[in-house]
Amino acid sequence: QGGSDWNLRLEFINRRQEQWARAYDWEALRSDFKFTVAGISQSSVALPVDFNRLGSEVILYGGGTDNGTAYPIIPRDQVRLYSTTDKYVVVGGNRNSGFYLNFNPATLASGASLIGSYYSIATSLASPANVSPIPDPEYLVTGTIADILESRSDERFPIVKQDADRSLQQMIENENTPQ
């Protein structure tokens with residue numbers, strides 16, 4: 001651990017994990033969030049540090065309703081299509097400064113609760129103690145071997161890469177098959 005060969009292999013593993021994370025909306029990366037509005041009146045709420053994208057509409061509880069009010073997610077460039085009284089949420093921010101939800105209408109009462117889900121990023125593996133969220137770790141192993149063989153211009157690279165691709169496709173198929 002910590003040597004140049006270790007670091008190179010770890011970089012290949014993290015790259016494969018990132019490719020996996022971008023390939024599909026994996027349930028292994030889906031998380032729920034629940035916030036309680038603490039300010040007297042606010043229009044935005046910070047999202048978790050590992051946020052990648054929303055996985056559901058946001059439900060607001062409080063403000064005189066017991067059932068909750070759904071706030072659909074709309075793209076920023078479509079805000080002009082809605083009135084000032086329409087209920088919706090827009091995701092703002094970026095990876096460096098953090099992401100947040102902007103609510104319309106822009107007043108969230110103190111004590112209100114927000115519930116929703118999001119897809120997280122696949123955090124980098126930094127040490128042997130870290131565990132990848134990938135359901136089939138064989139994909140990481142085979143994919144990393146393929147990347148190492150490719151970096152060495154080894155002629156076995158295409159065969160091993162096909163094995164990794166099959167493993168990824170099998171995970172996607174398993175994700176789409178009801179349990």
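Helices α1 and α3 cross in a right-handed sense, meaning that the near helix is turned clockwise from the far one by less than a right angle. The model is a predicted one, in which local features need pLDDT of at least 70 and side-chain atom pairs count only at pLDDT 80 or more, while totals for chains, interfaces and linings use all residues. Residues are numbered from 1 along each chain as its sequence is written, and side-chain values use heavy atoms, with hydrogens and water left out.

Helix α1 covers residues 4-23 and helix α3 residues 157-176; they pack at about 40° with their axes 11 Å apart. Axes here are lines fitted to C-alpha atoms over the stretch in contact, and angles run from 0 to 180 degrees between N-to-C directions. Helices (H or I, at least four residues) and strands (E, at least two) are DSSP runs, numbered from the N terminus. From α1, the contact (heavy atoms within 4.5 Å) involves R16, W20 and A23; from α3, it involves A164, L168, M171 and I172. Six of these residues are nonpolar, none is polar and one is charged; Ala, Val, Leu, Ile, Met, Phe, Trp, Tyr, Cys and Pro count as nonpolar, Asp, Glu, Lys and Arg as charged, and the others, Gly among them, as polar.

Next, the cores. A nonpolar core is a set of buried Ala, Val, Leu, Ile, Met, Phe, Trp, Tyr and Cys residues joined through side-chain atoms within 4.5 Å, where buried means under 20% relative accessible area, with a 1.4 Å probe and protein chains only. The largest has 17 residues, and L101, F103 and L114 have the most contacts inside it. Two or more residues come from each of β4 (51-54), β5 (58-62), β8 (98-104) and β10 (113-120), and β8 gives the most, with three. A separate core of twelve residues includes I134, L140, L168 and M171.

Finally, the aromatic rings. Rings of Phe, Tyr and Trp (its six-membered ring) pair if their centres lie within 6.5 Å; planes under 30 degrees apart count as stacked, over 60 as edge-to-face and the rest as tilted. There are eight aromatic pairs by this rule. W20 and W26 are stacked, because their ring centres are 5.0 Å apart and their planes lie at 20°. Both W20 and W26 are buried. F51 and Y118 form a tilted pair, at 6.0 Å and 35°, linking β4 to β10 across 67 residues.

Definitions and conventions: Buried means under 20% relative accessible area, exposed over 50%, partly exposed in between (1.4 Å probe, protein chains only).
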